Amino acid sequence: MKNMVNLNFDELQVQWYNIIPDLPEPLPQPMDPKEGPSRLQNLPNLMIGECLNQEFSNKTWIDIPGGILDLYSRAGRPRPLFRATSLEKKLDTPARLYYKSEFFSPTGSHKVNTALAQCWYAKQQGFERVTTETGAGQWGTALSYAAAITGLKCTVFWVRSVYNWKKDRLSFMKLLGADVFASPSPMTEFGRSLYEKNPEHVGSLGIAISEGMEDSQKDPKATYCLGSVLNHVLMHQTIIGLETKKQFEIFDDYPDIVISCLGGGSNFGGFALPFMGDVLKKGKKIKFIAAQSQAAPNLQGNYEYDFADYAEITPMLKMYTLGHKVDMEPIKGDGLRYHGSSPIISLLRHKGLIDTVAYPIDEKYVFEKAKIFMEAEGWLPAPESAYSVCCAIDEAIKCRESGEKKVIAFNISGHGFLDIYGYRTILGIE
Ligand SMILES: *Cc1c(COP(=O)(O)O)cnc(C)c1O
């Protein structure tokens, strides 16, 4: 039996999939709030031109420029799809389990897929520097990497509560040449307003986004990059699911259940949307499950217009949200801790096409399942990806109980080599 399928470089996907024209109803557009300056009119000053075009594109397929394909190959694409035969045995399930290996990444996550595209477009447009925020640190590392290999400078505002303890990831970003600041920082006006009141302010993703945007706006040579939520980011990530579909053809199989973890929606969207296209256009039946934490179960929030950032610099997006000023309990799978969910995913959820599960905040339940996976398959998932693994195992156990031979596909969005501390603390191992 085949355990793994990979593609050759010449089979690499040459187009991204834009699901917008295939959605069951038009995607609600971003909106300005009733008061204050227009955020929408400010977008061209804030974003990379080509990314802004892609954000509102109605073309189903968008060509991936040769320069980006070259960068993808340098980052190790295509990436294998594994059949988890050993895990199936261990769980004694009749289900067939497959996992996509986004952990084969130079920085440890799927986020390089959009970071490389954004930096390549930024360079084309003549920018010299990119700015951003990061929460768990994976996005900051991915952008630092992409900026380094495309010859751009990179500034990262990193939520202080995480910055303070993830020393290895901080060094990683600095090795890649990035400037990294704990946020709120004294470097921006908005950051300063909070920093001066409390230099130990723990910060939040929303605050860090506001700092990243302010910094780029004050420098005409800089542009701002966002690692999740937006339509073009999810589109860049569809390379994951498009590869997976080709790999399923080689396995001569097709999923009944498609699972991934969801923070803002980029890895879930990247993995699931190409399959969602089959559901919308070809009448395929697939159950999609987004695995979340009870610390940030944004898909169980309200479907309404909300800001994407704390300081209300962004336009308002129609999305499932917990409210842009909500406090969320820290967890080791920090990348899942965001108040809102991508508008595309939100619309599909609203239409009843996406299910969700939220796991307990103490993370024991989730990490114990990740350990079962690790003992069977040998790969260490990122703490966020552990939610995807956990959900897949739960579904496989249901199949054991019902005797159903379902095909379960799950995405492993990153590796956990820099997060062993998190596992150690939660599982109480040495
Ligand atoms: C950032 C991150 C996530 C969550 O973000 P999404 O945009 O929802 O994908 C999940 N897994 C890993 C490894 C991440 O770095």
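**View 1. Phe 157 and Phe 181 make one of the aromatic pairs.** There are 22 aromatic pairs in this structure, which is a predicted model. In this one, the ring centres of Phe 157 and Phe 181 are 5.8 Å apart and the planes meet at 35°, so we call the pair tilted. Phe 157 belongs to strand 7 (residues 153-159) and Phe 181 to strand 8 (residues 179-183), so the pair links distant parts of the chain, 24 residues apart. Phe 157 is buried, at 1% relative accessibility, while Phe 181 comes out as partly exposed at 25%.

**View 2. Tyr 254 and Phe 275 meet edge-to-face.** Here the ring centres are 6.0 Å apart and the planes sit at 70°, so this pair is edge-to-face. Tyr 254 is in the loop between helix 11 (231-251) and strand 10 (257-261), and Phe 275 is in helix 12 (residues 266-282), so the pair ties together parts 21 residues apart in sequence. Phe 275 is buried, with 0% relative accessibility; Tyr 254, at 23%, is partly exposed.

**View 3. Lys 284 sits over the ring of Tyr 254.** Back to Tyr 254: the charged end of Lys 284 is 4.3 Å from the centre of this ring.

**View 4. Arg 349 sits over the ring of Tyr 320.** Look for the charged end of Arg 349, which is 5.9 Å from the centre of the Tyr 320 ring.

**View 5. Ring pairs build a cluster.** Phe 82, Tyr 99, Phe 103 and Phe 104 are joined with Phe 373, Trp 379 and Phe 410 through ring pairs.

Key:
Residues numbered from 1 in each chain as written. Predicted model: local features only at pLDDT ≥ 70, side-chain atom pairs only at ≥ 80, totals over all residues. Heavy atoms only, no water. Phe/Tyr/Trp six-rings, centres within 6.5 Å; stacked < 30°, edge-to-face > 60°. Helix = DSSP H or I, 4+ residues; strand = E, 2+ residues; numbered from the N terminus. Buried < 20%, exposed > 50% of the residue type's maximum accessible area, 1.4 Å probe, protein only. Lys NZ or Arg CZ within 6 Å of the ring centre and 35° of its normal.
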